[in-house]
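The entries follow the display.

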Amino acid sequence: MDDGIADTFRGKRTAMEFDLSRVLDALPAMVWIALPDGQLELINRRWSEYTGLRLDEAHGWGWQAAVNPDDLPTLLERWRSILASDKPGEMDARVRRFDGQYRWLRMQCSPMFDDAGRIVKWCGTATDVDDFRRAEETLRRRELDFQLIVDSIPIPVAVTTPSGEVEGLNQLTLDYFGKTFEELKGWKASDVVHPDDLERTIADQLKAHQQVHPYNVESRHRRADGVYRWYNVLGLPLRDQQGNILRWIHLLIDIDERKRAEAALQAAHDRLARASQVASLVELSASIAHEVNQPIAAALANAQAALRWLRREPPDLSEVREALDSVVKDGTRAGNVIDRIRSLFKNAPPSLENLDIAEALSEIVALSRGKALKNRVSLQVQLSEGLATVRGDRVQLQQVMLNLITNAIEAMSDVDDGNRDLRITAGRDDDDVFITVQDSGPGLTQAALERVFEPFYTTKPTGLGVGLSICHSIIKAHSGALWATNADKGGAVFSFTLPISTSANSGISVQDPVMASQAPQSLADIIS
């Protein structure tokens, strides 16, 4: 090639390189070009300004001076691997900026081929990803810290997305269920929740997620050994500063022992209630005997009189007829007493009726007179005229009356004989019928007034503490109220109200589900 042609070629090449340099400088990124062997050939202005290196300083392998020494071996190894692959690649390394600060750069490159398929250049870009990497590292550390915190919680913990998908589980959860994270991600279809509780659990969680409020669900979960235990699952939403739900935290609190204790306590309550009723029946035996003996004794006397009239000559049939009529009346009276006692203690479900409260109360007073006489208690009964009827279960309401009267009699055991007064009052107050039982005993302390209707609370040395609790449940189930106060002149006063039964509003209907669910076990069940 003669000198003229060579000069022309060099001139065109210089012009092309000048044009390429202008193009590279105009690009809004750090751009570099390397030779097939990896040596740097060209950089644009942005690359130079960022690193503070001129092209003559970075040319060849001079660019290594800007790389953090700790990252250089790994970067060179990666760069050689890309060169050998003849394929695009990327590398990350810390590069010194013009101000001396090392920042993470991501270098991405692709080979440029000629017509023969040979690599003639490597074209690449460099992007500052330091802020991104720091944010990524911060997020990674937060996630790690979060997982460490979750793993340190001494109960099973699950983390779900706002849609309910399982995102994280602490180690205790994995150990408890004996399953992997992947297996527990599909907990709705697995056997970790008891089949009888699964539908309810899912429904409660879905409702909480839709309404965005915490939830509290009791359900049984299957342990790794196959045993189901009761857990209280507490779901708490985790929000950002704008109030948006980021995650749900689910805490599984073992309440199996508590559930067992509750069941045992309920069983004990039932047994004590039965024992209480048996004790009440024993105490009423004297009153029952008195009530039954009176008509039987009268019937016996009239029958003997009838026999005497028959032995006369001639027999006085009119006197016999009158005596036998009395026998029939006395027998009916005795039968009525037995029927009242049987109805009070029979094993029968609640029977709702329009009840004459005055009649029901009179029957219980009659049954209680024997106990009152035995304990030298003066019994006074005041019934208002024309008391309205109430709707309820006769046996249960008489059980309440009997319990209040019996308690009042026993409360006066330490009072002088002449001062043992029991006053029973029944009347009407607006839309309610009320009954009060007032004794002349020592009254109730403030602590007793606050707790007298609690199960198992009693002021009696040998009391069981279930009678008044049962009474309170019965009156509440009848839409009434039962409370205790102290009389002004001493003694305790127990009062209860019941709504009046009307044609427009009969109170509790026969099919009332509330009555059926709230009514406590009757004394009939206890005696049977």
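**Sheet and cysteines**

I looked up Trp 32 and found that its bridge partner in β2 is Ile 43. I noted that β1 (residues 30–34) and β2 run antiparallel and are joined by 3 bridges; two strands pair if DSSP finds at least two bridges between them. Strands (E, at least two residues) and helices (H or I, at least four) are DSSP runs, numbered from the N terminus.

I recorded the source as a predicted model, in which local features need pLDDT of at least 70, side-chain atom pairs count only at pLDDT 80 or more, and totals for chains, interfaces and linings use all residues. Residues are numbered from 1 along each chain as its sequence is written, and side-chain values use heavy atoms, with hydrogens and water left out.

I then traced the open sheet: its 5 strands have the order β2-β1-β5-β4-β3, with antiparallel pairing. β2 (40–43) and β3 (89–96) each have a single partner strand, so one side of each lacks a neighbour in the sheet.

I checked helix α4 (residues 72–85), which lies across β1, β3, β4 (102–113) and β5 (119–128); contact means heavy atoms within 4.5 Å. Helix α4 runs at about 155° to β3, where axes are lines fitted to C-alpha atoms, for helices over the stretch in contact, and angles run from 0 to 180 degrees between N-to-C directions.

I searched for disulfides (cysteine sulfur atoms within 2.5 Å) and found 0. The sulfur of Cys 109 is 9.5 Å from its closest cysteine sulfur, in Cys 123, which is too far for a bond.
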